[in-house]
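Open the model in a viewer and follow the selections below in order.

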Amino acid sequence: DFNNPFGIHAAARAGTATHHVTIENNMLTGGAIADDAVRVDAGNGAFGEANVVCLDIEILAADGGGGLNIASSPNGEGYELQQRVGTTFQLEGLNDSDCSGAPCNGTSDTDVEEHITDNNTGSANVRVMSRIVNYTHADSCLAPLLLP
């Protein structure tokens, strides 16, 4: 029995996995979501883990996507990103985002939050809840495989 309190939850935890996550064309509203609407984790603090997460939410109209409309959950955030020591968390298009007139800096939780907010058409809060803040730019994450 799996209980997911999030609207969308993606994670690479306790190992050496590489996880490419694409979130697009979603509309989530509070209501039944018990915690964060979207949560993405790189690691969980396990000794020796070296997980890599590449997150693509760069899907505004300019990219041909329909955009994201994520509202904050009544009991959590709209988006929560977590990065643990020893992991790599890549954000597609991070350096292409405008953070107060300059490219966004992945070592600034404020810049990472602004990058996520800029790619949301809803009214979501963003929380970067990391043991470290060292997000890196990715030109592109791998596209998801479509099953027949």
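Start with E80, which counts as buried at 2% relative accessibility; buried means under 20% relative accessible area, exposed over 50%, and partly exposed in between, with a 1.4 Å probe and protein chains only. The model is predicted: local features need pLDDT of at least 70, side-chain atom pairs count only at pLDDT 80 or more, and totals for chains, interfaces and linings use all residues. Residues are numbered from 1 along each chain as its sequence is written, and side-chain values use heavy atoms, with hydrogens and water left out.

R127 and E80 form a salt bridge, with the closest N and O atoms 2.2 Å apart; the term covers a side-chain nitrogen of Lys or Arg within 4 Å of a carboxyl oxygen of Asp or Glu. The pair links distant parts of the chain, with R127 in strand 11 and E80 in strand 7, 47 residues apart. Strands (E, at least two residues) and helices (H or I, at least four) are DSSP runs numbered from the N terminus. At 30% relative accessibility, R127 counts as partly exposed.

Now select R39 and D41. Their side chains meet in a salt bridge, N to O 2.9 Å, and both R39 and D41 are buried. The salt bridge count is 2.

Move to the largest nonpolar core, which has 24 residues. Such a core is a set of buried Ala, Val, Leu, Ile, Met, Phe, Trp, Tyr and Cys residues joined through side-chain atoms within 4.5 Å. I23, V40, L55, L81, F89 and L91 touch the most other members. Elements that each supply at least two residues of this core include strand 1 (8-12), strand 4 (38-42) and helix 1 (109-118). Center on F89: leaving aside neighbours within four places in sequence, its contacts (heavy atoms within 4.5 Å) include V40, L55, L81 and Y135.

Select helix 1 and display D111, V112, H115 and I116, which are buried. Seen down the helix axis, the buried residues of helix 1 fall within an arc of 135 degrees, so they line one face; the arc is that of the directions from the axis to the C-beta atoms. Among the elements they pack against are strand 7, strand 8 and strand 12 (135-138).

Finish with the cysteines. Which residue does a disulfide join to C54? The partner is C141, S to S 2.0 Å; a disulfide is a pair of cysteine sulfur atoms within 2.5 Å. This link is left-handed, with -85 degrees about the S-S bond. C99 and C104 are also joined by a disulfide, S to S 1.9 Å, and that link is right-handed at 75 degrees.
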